[in-house]
Amino acid sequence: MSTAEPTAATAPTRSATAQVLEDGLFAGSIGAGVVALWYLVLDSIAGRPLFTPALLGSVLFKGATDAASVVIDPQIVAWYTAVHFLAFLGVGIIASWLATQFDRFPSVGVAILFLFVIFETMFFVFAFAAGRIVLGTLGLWTIAVANLLAAAGMALYLLRRHPNALRNMNRIWTDQE
């Protein structure tokens with residue numbers, strides 16, 4: 001009588017592209033969720049939940065120029081939330097791809113730093129372009145805190161997915177290539 005040893009089922013290996021997309025979708029979702037939660041808390045404290053997405057949606061889709069005329073319209077909130085979420089998915093996918101490259105090439109860490117600065121600048125340019133309605137209502141500090149919280153949440157997720165990243169950060173400063 002022959003007894004066969006059980007073989008461990010091997011999971012199919014995932015392509016690098018699938019891993020980058022999956023990590024990017026999670027990282028982007030984390031970033032979008034953190035920003036949405038931040039403004040939901042601030043809006044709720046001020047006694048006007050969902051005002052920020054209504055304001056930004058009104059500026060983006062209706063060309064609103066006065067915060068006093070902004071009405072919390074569920075459709076505008078939903079459309080703005082979708083745009084916000086999709087933008088963060090794009091950022092998450094780019095960040096995930098850079099994190100994957102950083103595993104192989106420590107010098108990509110500089111590109112990651114530049115990416116963060118570029119995206120921060122883009123958010124501030126949008127806020128300045130939208131004018132006083134956005135900056136005067138939300139305040140520059142809330143935008144900065146929201147972006148820093150989102151970046152931290154996304155970075156923590158990606159660092160957990162790429163444990164070599166911390167070692168590579170150290171190599172950037174110590175290697176004399």
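Q: Is H84 buried or exposed?
A: A quick orientation: this is a predicted model, where local features need pLDDT of at least 70, side-chain atom pairs count only at pLDDT 80 or more, and totals for chains, interfaces and linings use all residues. Residues are numbered from 1 along each chain as its sequence is written, and side-chain values use heavy atoms, leaving out hydrogens and water. Buried means under 20% relative accessible area, exposed over 50%, and partly exposed in between (1.4 Å probe, protein chains only). H84 has a relative accessible area of 13%, so H84 is buried.

Q: Which residues does H84 touch, not counting those up to four places away in sequence?
A: H84 sits in helix α3. Contact here means heavy atoms within 4.5 Å. With residues up to four places away in sequence set aside, H84 touches A32, V35 and A36.

Q: How far apart are the C-alpha atoms of H84 and A32?
A: A32 is one of the residues that H84 touches. Along the chain the two are 52 residues apart, but their C-alpha atoms are separated by 6.8 Å.

Q: How many helices and strands does the protein chain have?
A: Helices (H or I, at least four residues) and strands (E, at least two) are DSSP runs, numbered from the N terminus. Read from that end, the elements go α-α-α-α-α-α-α. The tally is seven helices and zero strands.

Q: What share of the protein chain's residues count as buried?
A: The chain exposes about 11,100 Å², of which carbon and sulfur atoms supply 69%. Areas like this come from the Shrake-Rupley method with a 1.4 Å probe, and for residues only the protein chains shown count as cover. Of the 177 residues, the buried share is 35%.

Q: Why is α2 described as largely enclosed by the rest of the structure?
A: The buried residues of α2 are F51, T52, P53, A54, L55, L56, G57, S58 and V59. They pack against α1, α3, α4 and α5. So α2 is largely enclosed because, of its twelve residues, the number buried is nine.

Q: How far apart in space are F124 and A144, C-alpha to C-alpha?
A: F124 is in helix α4. Leaving aside neighbours within four places in sequence, F124 is in contact with L140, I143 and A144. F124 and A144 are 20 residues apart in sequence, and in space their C-alpha separation is 8.3 Å.

Q: Is W79 buried or exposed?
A: W79 belongs to helix α3. Its C-alpha and that of L60, 19 residues apart along the chain, are separated by 9.9 Å. The relative accessible area of W79 is 53%, so W79 is exposed.

Q: How many nonpolar, polar and charged residues are in the lining of the second largest pocket?
A: On a 1 Å grid over the protein atoms alone, a pocket is an open set of points where a 1.4 Å probe fits, with protein on both sides within 12 Å along at least five of seven lines, and lining residues have an atom within 4 Å of a point. Of the 29 lining residues here, V35, L56, Y80, H84 and F123 are the closest to the centre. Ala, Val, Leu, Ile, Met, Phe, Trp, Tyr, Cys and Pro count as nonpolar, Asp, Glu, Lys and Arg as charged, and the others, Gly among them, as polar. The lining divides into 24 nonpolar, four polar and one charged.
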